[in-house]
Amino acid sequence: MSPIVDVFARVGAMIMISGCAQRQRPSSHSLEQEYIVLRRFLTALAFICHASVALAQSVVGPASPVIGGIATVGGAGANSAAANTVFAAPDGSPGAATMRALVAADYPLAALKANNPADLASAATVRTIPGFTNTAGDDVMNANGQHFASGCVAIEAFGGVGNGSTDTLAAWNAAVSSFRTKDICIKFGVGTYVFSDTASATPSGTAHIRIFGMGKSVTHLLWNANVAGMILTTGNEMTVEVDGLDFETGSFNTNTALAVNSSDCSGSKYASHFNDLSFRGQGNYLPSSYWTNDLLINGLSDVSATDVDFFGNRGNHTTGLTYQSSNPKTCVAIVLNVTHANFINDKIGFLYGKGAQGVTISQANFTNGLTGINVPVGSIGAAQLAVSDSQFNTTNNQILIKGDLVGCQIMNNVFTVPASPWNGIYINNASANWFTIFGNIFENTKTTGGDGIQVNANGASNVGAIAGNGFYNLGFGVGLQAGSRHWTVASNSYNHVKTNVSNSGVSNLVGVATP
């Protein structure tokens, strides 16, 4: 018997006898009898504990030291070169034993087990997930034979290093290839990961894609050459999620930072997300380098973009966000919600492309660029644009509608209107219909601005209303030109405006609300 068990048995027996005396238990309960009973109980308990520890070690390895109160993986080879390469300390020095509780979901089991193949079978027995196809029962396996249990992998497991100089392209390609036909999920850590060429991922038609970092302020992806950044292509109703990354270029880049292509046609039952991202040239607030296009979403439906920063080059280059269909003649891209976005120094902040429908932009800032929102000529099939609670301070037409957009609501925004000949809102398409423009402020506090709202032409089926807006220090508050039809302008406020309303159109009502 263990000496510790014996000591605890004798002390416990004395306590029990003392308690019995106080309760006047029968005198036949001697100290020795209590001791024997308690000793047998503790022996059995000790055996159970030892058996449990042995069973756990057979699955996850021998017991190890504790780091910060969390058990770590030890055993033979736990501090080997391979393990330390994957799990280096933040300062670049060889890492300590890996913390099982923190990394088991993201790093290869082989590294956690110090590349001990004998442990993989037992680990897979515990961590098998239905649908795995390889013999170890894990999700994916890299070129080094390392298995992953969770399906998400760190780029470092394939040789990626965020030191600002090492090329990450080979690590990226290896990580993507390891998923074969399954969903792709790759994580970047803190640092700057340099790519010498385009990072592409085209899984099977039934695979989702998730790429994420630790936050746009700390995880940077950098392309110094004049090449496209990242291209993600997926099938119908498959999602794309990109989070926590900064896409940088170190050149006058004529390409797109992040292009997402989907064969979605008229909607998806899954939602895609682009969150906590930034797109910019490397350097200060006004860098000389730039992307020509920041984020292109092509054909993907049910999309949200939240907390995304689109930086251009003094308004001379860069389209921030483009949303369009991959095949506008037969398919439409449906539903894009943009919130808490910043479009800074962009030539065009948001481009409403062909075959896109159901776009909502809210709580966004369009600052120091040329045009905030552009629906260009040729945007066939464009429908349903809602813009609210946003700020426009650009140097050209701030919302420019020249495509045949149907259904547009612009509410509760602030327009700092540039000087003539530019406008806060400009509409010029003989097929554009159904507009409501409510509760906005159009102002210029420095010099006399251009015009608040100008409608040069719109469709014959229009039902248009301009009401409850405020206009200050402008040339025209509202201008309805000869091609405008079926507008009602009422209940607006004008101050220091040269011409409140000019009406040369057909079937327009000014100052009178329709019954």
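A salt bridge here is a side-chain nitrogen of Lys or Arg within 4 Å of a carboxyl oxygen of Asp or Glu. With that in hand, let's walk through this structure, which is a predicted model.

**Charged pairs**

Searching the whole structure turns up five salt bridges. Three of them are set out below, among them two that involve K216.

| Salt bridge | N to O distance | Where the partners lie |
|---|---|---|
| K216 and D307 | 3.0 Å | K216: loop between strand 10 (209-212) and strand 11 (219-223); D307: strand 17 (residues 303-311) |
| K216 and D309 | 3.0 Å | K216: loop between strand 10 and strand 11; D309: strand 17 |
| D246 and R280 | 3.0 Å | D246: strand 13 (residues 240-249); R280: strand 15 (residues 272-281) |

Take K216 and D307 to begin with, whose side chains meet in a salt bridge. K216 sits in a loop and D307 in strand 17, so this pair ties together parts that are 91 residues apart in sequence. How covered are the two partners? K216 is buried, at a relative accessible area of 15%, while D307 is partly exposed at 32%.

K216 also meets D309 in a salt bridge, and that pair links parts of the chain 93 residues apart. Here K216 and D309 are both buried.

Because D246 belongs to strand 13 and R280 to strand 15, their bridge ties together parts 34 residues apart in sequence. D246 is buried, with a relative accessible area of 0%.

Together with V190 and M214, V218 forms a nonpolar surface patch with about 250 Å² of accessible area. V218 itself is partly exposed, its relative accessible area being 31%.

**The nonpolar core**

Now for the inside. The largest nonpolar core has 85 residues, and those touching the most other members are W172, I186, F188, L232, F247, L258 and F274. Helix 7 (residues 169-178) supplies the largest share of this core, namely five residues.

Which residues is L232 in contact with, leaving aside its neighbours within four places in sequence? The list runs to W172, A201, I209, I211, V240, V242, L258, A259, V260 and N261.

Key:
Residues are numbered from 1 along each chain as its sequence is written. This is a predicted model: local features need pLDDT of at least 70, side-chain atom pairs count only at pLDDT 80 or more; totals for chains, interfaces and linings use all residues. Side-chain values use heavy atoms; hydrogens and water are left out. Helices (H or I, at least four residues) and strands (E, at least two) are DSSP runs, numbered from the N terminus. Buried means under 20% relative accessible area, exposed over 50%, partly exposed in between (1.4 Å probe, protein chains only). Patches are made of residues with over 30% relative accessible area and no salt bridge: like charges are joined within 9 Å, nonpolar side chains (Val, Leu, Ile, Met, Phe, Trp, Tyr) within 5 Å. Accessible areas come from the Shrake-Rupley method with a 1.4 Å probe; for residues, only the protein chains shown count as cover. A nonpolar core is a set of buried Ala, Val, Leu, Ile, Met, Phe, Trp, Tyr and Cys residues joined through side-chain atoms within 4.5 Å. Contact means heavy atoms within 4.5 Å.
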